[in-house]
Amino acid sequence: MGSVLILGGGITGIQAAFNLSQIGIETFLVEREEELGGNLNNLGSTFPDGKWAPDIFENKVNEITSSQKTTILTGSELSSLTGESPNFKASLKTSKGTQEVESESIIVATGFKPFDPAAMKHYGFGKYEDVITALDLARMIKDGKLIRISNGKEPTSVTFIQCIGSRDLHTHTYCSYFCCMYAVHLATVIKERHPQCMLNILYMDIRTPFCAELNYEEARRRSVKFYRSKPARVRANEGNKHLTIQFEDTLDGELRFLNTELVVLSIGASPPDGTDSLSSSLKIDCEESGFFKCEKAPVFTKVKGVFLAGSASGPKDISSCLAEGSAAAAQAAILLKG
Ligand SMILES: Cc1cc2nc3c(=O)[nH]c(=O)nc-3n(C[C@H](O)[C@H](O)[C@H](O)COP(=O)(O)OP(=O)(O)OC[C@H]3O[C@@H](n4cnc5c(N)ncnc54)[C@H](O)[C@@H]3O)c2cc1C
Ligand code: SF4
């Protein structure tokens with residue numbers, strides 16, 4: 001029986017490899033970093049139900065690592081591809097040199113790159129130590145701490161600014177889908193652990209679909225404050241003692257100032273580096289957003305035998321990634337088994 005090449009070893013690629021190994025299909029799981037897990041490696045408690053991120057993938061990684069059916073190639077990338085389904089011939093650049101792999105189909109699970117807010121000087125990122133990204137905050141929460149970088153002390157107030165690098169003509173025009181949900185979740189986790197800490201979320205719209213609406217309600221019940229607003233800038237005050245956010249309250253048009261000790265930028269998702277060259281090698285298209293184009297939801301591309309899954313076709317939450325990883329595995333299996 002043939003094999004399946006999976007590009008990207010985040011939760012989506014892991015799920016696809018796990019499902020295929022369970023039904024005895026050989027896979028090559030190719031991850032460019034030195035470890036599997038993708039963006040989940042930075043997360044601890046996750047929405048919607050507080051599941052611990054490592055617990056979501058560790059058992060599956062253990063299982064595929066010990067499986068005879070899965071070859072895990074970390075520190076590796078596709079360098080060229082010839083042939084077509086069911087006779088793809090991939091040349092991989094691995095840490096040990098070049099490896100040739102033949103496969104009947106390919107699952108693209110290359111995910112996303114967190115938006116880099118370096119250019120957002122007006123929010124003081126890179127200038128003030130206490131302006132951090134949600135990824136920095138998620139790592140802190142994972143390590144069981146909450147501190148201001150400037151003095152190592154616990155902040156008395158934390159304020160999220162939403163839509164960083166999303167829904168903006170200067171960065172990305174699309175909504176990154178998961179950042180309202182993770183902000184509401186992280187704010188609630190902080191409130192649980194540090195009840196005295198004041199939590200604010202400055203938002204354009206709050207997008208918490210389906211059950212995530214309950215998390216939004218829970219956050220408000222726990223006194224997380226929501227301001228519908230357009231933040232203009234962040235400035236440091238009183239010898240950097242606290243930060244002041246200047247924003248327009250878009251409900252009444254008033255200009256307001258909010259003092260806070262820690263600013264968290266709710267960054268969205270960008271396509272990962274190398275998406276363009278991968279799209280040429282695979283002969284599949286990209287959307288205007290830069291993510292891969294799905295021709296028929298949820299996993300079909302225009303090329304027979306090349307399937308898309310998870311955030312490779314645009315930002316998604318973990319449960320959607322698990323579902324699409326399984327859907328792509330099922331389509332690859334159907335193609336293989338006929
Ligand atoms: C701050 C933050 C908090 C979040 N919190 C939550 C939460 O609480 N709950 C939730 O449901 N979701 C959350 N998310 C979203 C979650 O991170 C994604 O759903 C998930 O990581 C997507 O998994 P993926 O496998 O599709 O992509 P990724 O996690 O991006 O994995 C893709 C993998 O592919 C690799 N790769 C990329 N290009 C190549 C290539 N050319 N060749 C080989 N490998 C490649 C990458 O190195 C990476 O390991 C959060 C996101 C952020 C930014
Ligand atoms: S999910 Fe929320 S924070 Fe993220 S881009 Fe969409 S509206 Fe903005």
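## Helix α5

The face of α5 turned away from its buried side carries L214, E217 and R221, which are exposed (12 or fewer other C-beta atoms, placed from the backbone, within 10 Å of the residue's own; 20 or more make a residue buried, and counts in between partly exposed). Helices (H or I, at least four residues) and strands (E, at least two) are DSSP runs numbered from the N terminus. The model is predicted: local features need pLDDT of at least 70, side-chain atom pairs count only at pLDDT 80 or more, and totals for chains, interfaces and linings use all residues. Residues are numbered from 1 along each chain as its sequence is written, while chains are lettered from A and ligands numbered from 1 in the order in which they are written.

In α5, which spans residues 212–221, A212, N215, Y216 and A219 are buried. These residues lie on the same side of α5 because they cover an arc of only 100° around the axis, taken from the directions from the helix axis to the C-beta atoms. The buried residues of α5 pack against α4 (179–193), and α5 is followed by S223, whose phi is positive, near 70°.

## Sheet β6-β7-β8

An open sheet of three strands has the order β6-β7-β8 with antiparallel pairing, where pairing requires at least two DSSP bridges between two strands. Since β6 (77–82) and β8 (97–103) stand at the edges, each with a single partner strand, one side of each is left without a neighbour in the sheet. Seven bridges join β7 (residues 88–94) to β8, and F88 stands opposite S103 in β8.

Definitions and conventions:
Contact = placed C-beta atoms within 7 Å.
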